[in-house]
Amino acid sequence: MKRHTFMAFHLVRSIVQPFRTNFPRSFSQMAAATAPVPVKSGDHVKVCIIGSGPAAHTAALYAARAELQPVVFEGEFANGLAPGGQLTTTTEVENFPGFPEGIMGGELTEKFRKQSAHFGARLLEETVETVNLSKRPFEIKTDRTQITADTVIIATGAVAKRMDFPGAGEGPGGYWNKGVSACAVCDGAAPIFRSKHLAVVGGGDSALEEAMFLTKYASKVTIVHRRDELRASKIMQSRARANPKIEFAFNAVPIEAYGDKLLQGIKLQSTVDKSVTDLKVNGLFFGIGHKPATDFLGGQLALDDGGYIITEPGTTKTSVAGVFAAGDVQDKRYRQAITAAGSGCMAALDVEHYLTTLE
């Protein structure tokens, strides 16, 4: 009996084993085994995604796994940024789940790209110059490629406004990411800023919100504003003035950042008499707002007063059916990589549902 059982087992194994080795063991292997079809001018696609950050690549990942074969126009230094968006300008990212030791911004964006491409998204480093959302299918055009699409996801992000003066940039002698930043929530908790004197430039709600956040970690925060009155809402002004860690430098603008390996101070020039004073700080944050990358849309979508795309609450739907927006291009409040990724997921699911209505 045992001998017959042993022989039967090996007979079944000899039949099944060849079939097992011919099939991928996971959906990941299955996706990797299917090469995406190259994109060329004149092609028609179901989904076109414009953008290159966490929103764009999360949307691409979900759309690719739904076998929609999305095309992603990542841009070629669109808005002055490399593919990957604002994350490429940051150093260590510590608040994106899955990386307990943190990860460099550029490395994280490269992982986004590899993952979406692995599952079948077709990536093109081309900047979209124009779109035509007034006809169906939609038309998308770069300087090299022109395609049509049933749906479009706009995930072009928003660029933090920065001031240009000696020491503020990335080049030689610059302290960008060495004490100079444009995102308190992203960078404020970094060790180089803890228990240090920091400065925030700006006089609106954004600047005061940044300053209030930084007081959690800083020993003191000085708000530098070019006028003698703040532009922020009254309630934000009251909160800032009531915070014992916040001071103000009115009628002043930064004209130079200096230091050694890290930022050690800034020079402030009076907007009244042009006199220059020295402010010893270990961090400088620009809180002068963001500019959403929506100019290329040519007014074809409803935008708010700040130029952000208006979406239907609880969805990523825009004012044009079949066009969706995800990430910072429609989010003026949170502006985080993880919230952008979440909205990218929403956009892909909204697209998938919309396409079923066209069948």
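The largest nonpolar core of this predicted model comprises 24 residues, with Ile50, Ile140 and Ile154 making the most contacts inside it. A nonpolar core is here a set of buried Ala, Val, Leu, Ile, Met, Phe, Trp, Tyr and Cys residues joined through side-chain atoms within 4.5 Å; buried denotes under 20% relative accessible area, exposed over 50%, and partly exposed the range in between (1.4 Å probe, protein chains only). Two or more residues are contributed to this core by each of strand 1 (44-51), strand 2 (71-73), strand 7 (138-141), strand 8 (146-155) and strand 19 (323-325). Strand 8 supplies the largest share, four residues. Helices (H or I, at least four residues) and strands (E, at least two) are DSSP runs numbered from the N terminus. Another core, of 23 residues, lies apart from it and includes Val47, Ala55, Phe119 and Tyr354.

Contacts are defined by heavy atoms within 4.5 Å. Isoleucine 154, leaving aside neighbours within four places in sequence, contacts Ile50, Phe296, Leu297, Leu301, Ile309, Val323, Phe324, Ala325, Ala326 and Val329.

Methionine 163 is located in the loop between strand 9 (158-160) and strand 10 (180-181). Its relative accessibility is 24%, so methionine 163 is classed as partly exposed. With neighbours within four places in sequence left aside, methionine 163 is in contact with Ala168, Val201, Pro254, Phe286 and Ile288. Proline 254 is 91 residues away along the chain, with a C-alpha separation of 8.7 Å from methionine 163.

Serine 219 occupies the loop between helix 6 (205-214) and strand 12 (220-224) and is partly exposed because its relative accessible area is 41%. Residues up to four places away in sequence not being counted, serine 219 touches Ser195, Lys196, His197 and Lys245. Between serine 219 and lysine 196, which are 23 residues apart in sequence, the C-alpha to C-alpha distance is 5.1 Å. A polar atom of the serine 219 side chain lies 3.4 Å from the backbone nitrogen of histidine 197.

The chain has an average pLDDT (the predictor's confidence in each residue, from 0 to 100) of 89, and 87% of the residues score at least 70. Residues 1-25 have pLDDT below 50, and this stretch has three contacts in the model beyond near neighbours in sequence. Over residues 27-33 pLDDT likewise stays under 50, with nine contacts beyond four places in sequence. Where pLDDT is low, predicted coordinates should not be read in detail.

Local features require pLDDT of at least 70 and side-chain atom pairs pLDDT 80 or more, whereas totals for chains, interfaces and linings use all residues. Residues are numbered from 1 along each chain as its sequence is written, and side-chain values use heavy atoms, with hydrogens and water left out.

Terms used: Polar contact = N/O pair within 3.5 Å; in protein donor to acceptor, adjacent residues only side chain to side chain.
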